[in-house]
Amino acid sequence: MIHEKLKDFPNTFLWGAASAAYQVEGAWNEDGKGLSNWDKFVRIPGKTFKGTNGDVAVDHYHRYKEDVALMKEMGLKAYRFSVSWPRVLPNGRGEVNEKGIAFYDNLINELIHNGIEPVLTIYHWDLPQALQDEYGGWESRQIVEDFANYCTILFKEFGNRVKYWVTLNEQNVFTSHGYQLASHPPGVKDEKLFYQANHHANLANARAIQEFRKYVPDGKIGPSFAYSPAYPFSSKPEDILAAENAEEFLSHWWMDVYAWGEYPRAAWHYLEEKGLAPELRKGDLELLKSAKPDFMGVNYYRTTTYEKNALDGATMDAHFNTTGKKGTAQDRGIPGLFKTVKNPNLEATNWDWEIDPTGLRIGLRRITDRYRMPVLITENGLGEYDHVEENDVVNDPYRIDYIRSHIKAIQEAISDGVDVLGYCVWSFTDLLSWLNGFQKRYGFVFVNQDEEGGKDLRRIKKQSFYWYKDVIASNGKQLE
């Protein structure tokens with residue numbers, strides 16, 4: 001639909017930015033923090049670009065006051081950050097590390113003091129390695145109660161001040177990359193185990209929401225899902241069916257469970273026939289149904305286009321572009337279900353991610369129509385090469401264009417009737433990109449850090465910093 005006039009952004013709209021603990025904090029072995037799965041995984045040769053790790057990252061642990069001061073200068077309304085589980089519970093359970101609690105307590109207070117709404121992500125991929133070693137982490141049902149206990153500690157400590165919470169960040173990514181593709185910890189390729197570990201994560205998400213209702217009754221909580229809406233490559237019915245398959249297996253498989261506590265029927269039937277469906281125990285579905293979130297968190301970067309895939313067709317074993325060499329990503333798929341294909345109507349980044357602001361509008365509408373709940377956009381941004389010019393100038397008009405076009409799409413979705421709570425751009429400062437090192441930059445603030453390390457970590461405001469500051473001050477009216 002084309003609107004004659006777009007609705008204004010609500011006055012309560014959360015104009016924000018985001019980060020994750022492992023990607024910004026550093027201080028990987030300081031003040032009692034335990035070892036995380038990523039602290040171990042990045043030390044395996046060949047897993048990350050040039051062997052980069054988060055030992056220092058951008059040193060937010062020691063520089064959080066400087067970073068929050070920059071957020072205040074920008075006029076940021078919300079800051080989404082994650083808590084490192086092993087920083088709070090070095091062994092995943094048991095004794096609490098009070099210095100870890102103190103860090104997040106100080107960060108939250110600093111944000112509130114500067115008029116910034118804290119949005120706390122409970123789990124952004126850094127699992128305590130102790131739990132992986134003890135029982136396989138997400139592979140065991142034991143993690144459900146351990147995660148609930150960890151969440152309860154956070155709810156009790158911070159629930160009086162933090163009112164927006166994200167349970168699991170991109171569950172679809174950390175389970176699939178950890179157990180299907182072996183590109184994230186624990187680096188396993190086991191389809192059956194993938195679906196079982198994912199089921200345990202669903203149960204953990206539900207238990208977290210149950211506990212949240214007890215301790216933060218006036219707050220809002222939801223998962224953060226990495227949503228890439230599916231397009232058919234052509235109007236051929238077989239391509240449309242392939243896109244429907246992709247939407248069900250790659251999106252509904254998670255969001256249906258979050259919203260309704262049910263797995264999609266066609267996908268479940270397929271997995272049962274293949275012997276891949278997760279084991280359900282008595283009470284599992286009741287637990288999932290009992291814990292409806294307050295919003296659907298969405299991390300949106302791209303759409304994906306699909307075509308029919310033969311029974312002997314493309315598999316998931318294909319090359320990911322983690323080098324920034326455009327055109328090196330390969331198509332992938334599941335035989336008999338779907339296969340990805342390049343969309344000739346879209347431009348792509350140097351990492352082969354299609355740029356599609358209209359896809360965000362489409363995704364927001366699909367979620368609204370299917371699940372009837374508000375949406376919090378927890379991530380959206382552009383990873384690109386940035387360069388510091390003379391006099392500490394960083395011109396990034398490509399990032400401004402990207403974010404501007406996506407903000408317009410959000411306003412169009414709001415005009416369509418979508419309830420969007422806020423927009424957290426990824427990311428506030430540059431940070432360590434999990435597999436891509438420091439070359440793939442997302443931030444409004446340039447950080448003098450690279451793969452070799454040893455830099456002064458100086459913060460430099462980019463052109464996009466000043467532009468987003470005007471966007472926030474105008475509540476989305478000043479986009480040009």
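**Figure 1. Strand S1 and strand S2 in the predicted model.** In this predicted model, strand S1 is joined by three bridges to strand S2, which spans residues 78-82, and the two strands run parallel. Within this pairing, Ala17 has Tyr79 of S2 as its bridge partner.

**Figure 2. Strand S1 and strand S12.** Strand S1 is also joined to strand S12, residues 420-426, through five bridges, and these two strands run parallel. Here Ala17 stands opposite Val425 of S12.

**Figure 3. The two faces of strand S1.** Strand S1, made up of residues 14-18, is mostly covered, since five of its five residues are buried. On one side lie Leu14, Gly16 and Ala18, while Trp15 and Ala17 lie on the other, and with all of these residues buried, both faces of the strand are covered.

**Figure 4. The salt bridge between Asp55 and Arg43.** Side chains of opposite charge can pair when their charged atoms come close. In this view the side chains of Asp55 and Arg43 meet in a salt bridge, with 2.5 Å from N to O. Both residues lie in the loop between helix H2 (37-41) and helix H3 (60-74), and they are 12 residues apart. Asp55 has a relative accessibility of 17% and therefore counts as buried, whereas Arg43, with a relative accessible area of 40%, is partly exposed.

Figure 5. The side chains of Lys214 and Glu211 form a salt bridge at 3.0 Å, N to O. Both residues belong to helix H9, which covers residues 191-215, and they lie three residues apart, about one turn of the helix. Lys214 counts as exposed because its relative accessibility is 56%, while Glu211, at 7% relative accessibility, counts as buried.

**Figure 6. The salt bridge between Arg302 and Glu354.** In this view the side chains of Arg302 and Glu354 meet in a salt bridge of 2.6 Å, N to O. Arg302 is found in the loop between strand S7 (296-299) and strand S8 (304-307), and Glu354 in the loop between strand S10 (338-340) and helix H13 (357-371), so the pair ties together parts that are 52 residues apart in sequence. Arg302, at 23% relative accessibility, counts as partly exposed, whereas Glu354, at 11%, counts as buried.

Figure 7. For the model, the count of salt bridges comes to 39.

Methods
Residues are numbered from 1 along each chain as its sequence is written. This is a predicted model: local features need pLDDT of at least 70, side-chain atom pairs count only at pLDDT 80 or more; totals for chains, interfaces and linings use all residues. Side-chain values use heavy atoms; hydrogens and water are left out. A salt bridge is a side-chain nitrogen of Lys or Arg within 4 Å of a carboxyl oxygen of Asp or Glu. Helices (H or I, at least four residues) and strands (E, at least two) are DSSP runs, numbered from the N terminus. Buried means under 20% relative accessible area, exposed over 50%, partly exposed in between (1.4 Å probe, protein chains only). Two strands pair if DSSP finds at least two bridges between them.
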